[in-house]
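Reader: I have a structure open and a few questions about it. Can we go through them one at a time?
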Amino acid sequence: MADTNKSSSRKLGMSLLYAVLGLIAVFQIYPLVWLFFFSLKGNSEIFGRSPFALPEDWLFENYARVWFDGNISQYFFNSVFITATSVILTVILASFVTFAITRMKWKLSGPVLLLFMVGYMIPIHSTLVPLFQFYRELNLIDNPLSIILAYTAYNMPLTIMILMGFYRTLPREIEEAAVMDGCSIHRMFFQIILPMTKPVMSTTIIINMIYNWNEFVFVNTFISSDKYKTLTVGIQNFIGQYLTDWGAIGATLMISIIPILIAFFFLSNRIVEGIAAGSVKG
Amino acid sequence: MDKVMSNKKVIALYVLPSLILLAGLVYIPIFLTGYYGLMDWNGVGPMTFIGLDNYIELLSDDTFWYSARNSFFLAFFSTAALIVYLAVSLVLSAKIKGRETLRKIYLIPMLLSSVAIAQLWIKIYDPNNGMLNSLLTTLGVESPPAWLAERGTVLIAIFIAIVWQYAGFYIIIYSAALKGIPASLIEAAEIDGATPLQIAYKIKVPLISGVIKTTIVLAIVGSLKYFDLIYVMTGGGPNGASEVIASYMYKQAFGIKNFGYGSAIGFALLILALATTFVIQKLTASKNDNIQY
């Protein structure tokens, strides 16, 4: 008797637990579902009916309208270009540094590593004015290069942190064998080590992609013309002009987050790994 | 072997480009911010050296202190929320069906831009057509607040959006740490008759105390430099009610072109962030730090 009581109260406890976990999942997901629905509605539906109603006619033309009429397509491709270029640059440079720090022997490797890690703690608002001034003197204001360089520098610490864990697990024998075979250090790095780090590289690539795609302050500060703006800043300006057109705003927001959702769908394990590695090791 | 692996030229070639980039874009600007804080400068004209005037003015600037108060408000509640995230992670560390999927679902908002999140929550909080107030009206609430437009509710409203954004991030960090605890330890405790609650509180939490410390630093420093979401959601309004240090700095420097004063605020932000980190490290230092298992 006592045993059945115990197991039924245990069952009740488990159901309660699942209910709470499910509720949190709904809280995390439902706002996005709601966004998707209102991106397909017209103003009469938005202002005339319950916000929880499904769209009556699915107005996919909201998407076509903002893509073709606004500058959204331009912002989108700027985001793709700046994100891709910065990610490649960051991961290559960070791989060089991580290799030199974890695999090569030199006295200052510890202090230099520390120097790179300090960058992780710096609030960008504490560097923004001098950066602005520096770029102005170099004539890089309103030039995508200013953004690419800033992304590379500011994402370098996290990228090195993630790479380091993997580089440290590589056995020394690899390099010993390569040196015995008379392999130059550059060939060793490019043809042996770098290919071995593919899994962790893909982790850093996806994490960098997400951060760069979403970045706002640098673009908002250093870029002024529409032809170079990225999606985050672009949609911010665009929405300012369409204050009451919820359908257009919803469609714009959806366009900006769909690439991230697709990446998440295929690479969620890598993303989780990158986030965990970046902070647990810190 | 050693000769090849300690070739100074190669090391320089691999490390220096990145180091120079960081020096130019991160380290030197930190010091320049402090230096520009000594200037009267509108960003375009010449700089005039005015000594510590900006920093002295900052000490008696009510708007600055009000924005600092708001930043610390967010830092305090973000830290308190860690307890909830930790509890959820502990539950998920038990043998729960679908826990991997749940963790991933929780993480999704964290991957979106703060701009998109801010715009979405502006719509959720919309007094007339938003999701929240429609729900509250249906539930019988007579006149729900206008959330982002009222001084009394704006910070809470922003904080809820921040929780939505970051909950998954911290749950992933805690979960990764909890996974590192050897199963044999938990099994031994179970054999000794420990309840799940005791295992969580007496074994799991102490074992991941290092990571908990890291997240406290992340939550506090992250809150102190918080900017994007607030800038887009309220612009610091209504009437300065949700101004934080970073948004006040941005307004002074790039809004009203008070670059000298803006730099002084930026430097104060840096000092606050570093000092807070240092204090937390000291406060939470214990002999458990180097625990081995």
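Author: Start with residues 259-280 of chain B: the span is 100% helix and 0% strand, with its end C-alpha atoms 31 Å apart. Bear in mind that this is a predicted model.

Reader: Which residues of chain B does UniProt annotate as "transmembrane region"?
Author: The unreviewed UniProt entry gives residues 12-38, 72-93, 105-122, 154-177 and 259-280 of chain B.

Reader: What is the helix content over residues 105-122 of chain B?
Author: Residues 105-122 of chain B are 67% helix and 0% strand. The end C-alpha atoms of that span are 22 Å apart.

Reader: And chain A, where does the record put "transmembrane region"?
Author: For chain A, the unreviewed UniProt entry lists residues 12-37, 75-101, 113-135, 147-167, 188-211 and 246-267. Residues 75-101 of chain A are 100% helix and 0% strand, with end C-alpha atoms 38 Å apart. Residues 246-267 of chain A are also 100% helix and 0% strand, and there the end C-alpha atoms lie 31 Å apart.

Reader: I clicked on A:Ile260. Which helix is that in?
Author: A:Ile260 sits in helix 13 of chain A, residues 246-280.

Reader: What does A:Ile260 touch?
Author: Leaving out residues up to four places away in sequence, A:Ile260 touches A:Ile210, A:Trp213, B:Leu111 and B:Leu112. A:Trp213 is 47 residues from A:Ile260 in sequence, and their C-alpha atoms are 8.5 Å apart.

Reader: Then the contact between chains. How many residues of chain B are in contact with chain A?
Author: 73 residues of chain B contact 68 residues of chain A. On the chain B side, helix 2 (residues 8-36) gives the most, with 15 residues. By class, that side has 52 nonpolar, 16 polar and 5 charged residues.

Reader: Changing topic: which residues touch the most other members of the largest nonpolar core?
Author: A:Val97, B:Ile173, B:Tyr174, B:Leu229 and B:Leu269, out of 164 residues in that core. Helix 8 of chain B, residues 154-179, gives the most to this core, with 17 residues.

Reader: Take B:Leu269. What does it touch?
Author: With residues up to four places away in sequence not counted, B:Leu269 touches A:Pro123, A:His125 and A:Ser126 in chain A. In chain B, B:Leu269 touches B:Leu224, B:Lys225, B:Ile245, B:Ala246 and B:Met249.

Reader: Last one. What does the domain assignment of chain A give?
Author: Domain 1 is 2-38 and domain 2 is 70-280. The C-alpha centres of these domains of chain A lie 37 Å apart.

Notes: Residues are numbered from 1 along each chain as its sequence is written. Chains are lettered from A and ligands numbered from 1 in the order in which they are written. This is a predicted model: local features need pLDDT of at least 70, side-chain atom pairs count only at pLDDT 80 or more; totals for chains, interfaces and linings use all residues. A nonpolar core is a set of buried Ala, Val, Leu, Ile, Met, Phe, Trp, Tyr and Cys residues joined through C-beta atoms within 7 Å. A residue is buried if 20 or more other C-beta atoms lie within 10 Å of its own, exposed if 12 or fewer, and partly exposed in between; C-beta atoms are placed from the backbone. Helices (H or I, at least four residues) and strands (E, at least two) are DSSP runs, numbered from the N terminus. Two residues are in contact if their C-beta atoms, placed from the backbone, lie within 7 Å. Domain bounds come from an automatic or database domain assignment. Ala, Val, Leu, Ile, Met, Phe, Trp, Tyr, Cys and Pro count as nonpolar, Asp, Glu, Lys and Arg as charged, and the others, Gly among them, as polar. UniProt positions are given in the numbering used here, feature names are shortened, and annotations may be inferred rather than shown by experiment.
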